Amino acid sequence: MPSEIRDIDLWPDGRLKIDWVRHHMPLLNGLEKEFSMEKPFKGLKIALSVHLEAKTAYLCETLAAGGADMYVTGSNPLSTQDDVAAALAHEGLNVFAWYGATHEEYESHIRKVLASGPNIIIDDGGDLVHLMHTEFSHLIPGVIGGCEETTTGILRLQAMDKAGELQFPMMLVNNADCKHLFDNRYGTGQSVWDGINRTTNLIVAGKNVVVAGYGWCGKGVAMRAKGLGAKVIVTEVDPVKAMEAVMDGFTVMKMEQAAPLGDIFVTVTGCDRVIAEEHFRLMKDGAICCNAGHFDVEVDVRALASMAVEAKPARKNITGYLLDNGRRIYVLAEGRLVNLAAGDGHPAEIMDMSFAIQALSARYLVMNSYKIERKVWHMLNNVPHSIDQEVAGRILKSWNCEIDTLTAGQRKYLYGE
């Protein structure tokens, strides 16, 4: 099946981007070499739907080095980088994606990836797994299992599992310590503000920043906003997380109370209509709204558009909506993931950890496929602690950082061994 990309001639620029991140991703460097010798995925097809930029491309090349026949698409129409897609296609991978795809084109790309009959699925947000169960169920017997990258995708998997619909095991990559503790907190924290700052070219210091959601991603966004000199307000629905935000030094209130105060709003919840019509009407003139959750439902852009008497581009990736009260509200990147739709996503070193877990989890599925055949496997599986420890050990070694180890006596004292 031929790739479907925008322009194969763009590949040299994409190759430069991939080579740049390759130099800053030592974990995947090591795995690429190991996989090249071991060929753990020889004869297998891997379907991957992750934000298609340089770091994801290097993950794809690492899996291909392990013998996988790769079928690749993006997980968001505005996060695909056409030159990177072209570089992967130039290397012989099967790529179906382009920037700005319509909803119909986006789903067509997913369908073409799944039509390959994958043995392993690597998903970001759950679209591949959902469509596999609804439209490609006849191909499910060939699926060994899959890996899910993000919180939103895990929530969808949990709903499917609860309903008894999930038909193959999934590794919950986002739950791994070396993923959510670093990717969600430090990666999201830095990349969100990278996207906001490069898009708006406005100062953050002195402004009121409203962060909706205080999970690991929200913590990172709030921490970086504070570091940039903002006064941070947090909104939450979980009382424990709200307590954390207060004890971390932030002001906590309802969105209704925060709406008139905020200069910049960032949603990081995984829920829908977090900022809705009633909140837009309370916002000050010039308020900026953006989303760092996976799907473009947290900022209700449709409601805002229906309220507006005028909507027009204010700058690349910024739309201004003029309301009948004379105030103008700005939305970044159409309410999609601001760090990817208006930026380059997480730093390479952060994604090195996350993608190393993806690659090792995929290999773990293959190595333990006999358990799946014997039906001694859960549908939802946390990444084994040994993989977390392996990734942490590899990254510390790349930093030339040594840590202590327990003596035999200490192990006996702690664990009775």
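View 1. Just after α18, Gly-416 takes a positive phi of about 75°, in a model that is predicted, with local features needing pLDDT of at least 70, side-chain atom pairs counted only at pLDDT 80 or more, and totals for chains, interfaces and linings using all residues. Residues are numbered from 1 along each chain as its sequence is written, and side-chain values use heavy atoms, with hydrogens and water left out. Helices (H or I, at least four residues) and strands (E, at least two) are DSSP runs numbered from the N terminus. Of the eight residues of α18, zero are buried, so the helix lies largely in the open; buried means under 20% relative accessible area, exposed over 50%, and partly exposed in between (1.4 Å probe, protein chains only). Leu-406, in the loop between α17 (385-398) and α18 (408-415), counts as partly exposed at 38% relative accessibility.

View 2. Seven strands in the order β3-β2-β1-β4-β5-β6-β15 form an open sheet with parallel pairing, where two strands pair if DSSP finds at least two bridges between them. Because β3 (94-95) and β15 (380-382) stand at the edges with a single partner strand each, one side of each is left without a neighbour in the sheet. Strands β1 (residues 45-49) and β2 (residues 69-73) pair in the parallel sense over five bridges, and Leu-48 stands opposite Val-72 in β2. Helix α3 (residues 54-65) packs on the sheet and touches β1, β2 and β4 (120-123), while helix α6 (residues 127-134) also packs there, touching β1, β4 and β6 (170-172); contact means heavy atoms within 4.5 Å.

View 3. Glu-61 forms a salt bridge with Arg-15, the closest N and O atoms being 2.8 Å apart. Glu-61 lies in helix α3 and Arg-15 in helix α1 (residues 11-22), so the pair ties together parts that are 46 residues apart in sequence. A salt bridge is a side-chain nitrogen of Lys or Arg within 4 Å of a carboxyl oxygen of Asp or Glu. Both Glu-61 and Arg-15 are buried, and they belong to a network of salt bridges that also links Asp-19, Arg-22, Glu-32 and Glu-91.

View 4. The side chains of Glu-390 and Arg-394 meet in a salt bridge (2.7 Å, N to O), and both residues lie in helix α17, four residues apart, about one turn of the helix. Glu-390 counts as partly exposed at 27% relative accessibility, as does Arg-394 at 23%.

Note on methods. Axes are lines fitted to C-alpha atoms, for helices over the stretch in contact, and angles run from 0 to 180 degrees between N-to-C directions.
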